[in-house]
Amino acid sequence: MTLLEDIKRWFSTTATDPLSVGDKILYDSFTHLQNFVEYNLAQIYTNNSDTTYKSREKGLQGIEWLISQKSKDPIYQVALTEIKVLYTWWADLRTQRTQPFQNTTYDMFKDEWLTQTEEENSEFKEFMDKCRHAEKLRNLYNTEDTKMLLRLIQIRNYL
């Protein structure tokens, strides 16, 4: 793969690009989890029959209340804890991620770099180092997303 192809691949997505099918699966799955906590558990915890009632706070309190009931089924207890962990990761932690290519844009690439090596030009080397770092960060995020999605799949019957 040529240098230009690498750079185009790194910058293949922008904020306006549609989500990939894999990302849609991730977002849809975790949106269902979020709705389960903020709607279903909140309604159960508050004994509210209004199906439009939504509360993050009451949903989390509902999980804590269910955990405190000490069900005789240990797998159910583990699933409740996992629901709380996954919800917190999705709603709080994942949203705090830095964007991998936040400080590096395709517009920063200069045409003259196509005929140079990183050893010849320190500015080019710095740009490429930023791109490699961003790619590693994006791969790390993808791995974490996949692991969390697998964890969600494992407890889906308890939602």
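Start by selecting Lys130 and Glu126: their side chains meet in a salt bridge (3.7 Å, N to O), meaning a side-chain nitrogen of Lys or Arg within 4 Å of a carboxyl oxygen of Asp or Glu. The two residues sit 4 residues apart in helix H5, so about one helical turn separates them. Helices here are DSSP runs (H or I, at least four residues), numbered from the N terminus. Lys130 is partly exposed at 33% relative accessibility, and Glu126 is partly exposed too, at 47%; buried means under 20% relative accessible area, exposed over 50%, and partly exposed in between (1.4 Å probe, protein chains only).

A quick word on what you're looking at: this is a predicted model, where local features need pLDDT of at least 70, side-chain atom pairs count only at pLDDT 80 or more, and totals for chains, interfaces and linings use all residues. Residues are numbered from 1 along each chain as its sequence is written, and side-chain values use heavy atoms, leaving out hydrogens and water.

Next, click on Asp145 and Arg97, another salt bridge (2.7 Å, N to O). Asp145 is in helix H5 and Arg97 in the loop between H4 and H5, 48 residues apart. Both Asp145 and Arg97 are buried.

Stay in H5 (residues 122–154) and pick Ala134. Ala134 is buried, with a relative accessible area of 1%.

Last stop: Arg56 and Asp92, whose side chains meet in a salt bridge (2.7 Å, N to O). This pair links Arg56 in helix H3 with Asp92 in helix H4, 36 residues apart.
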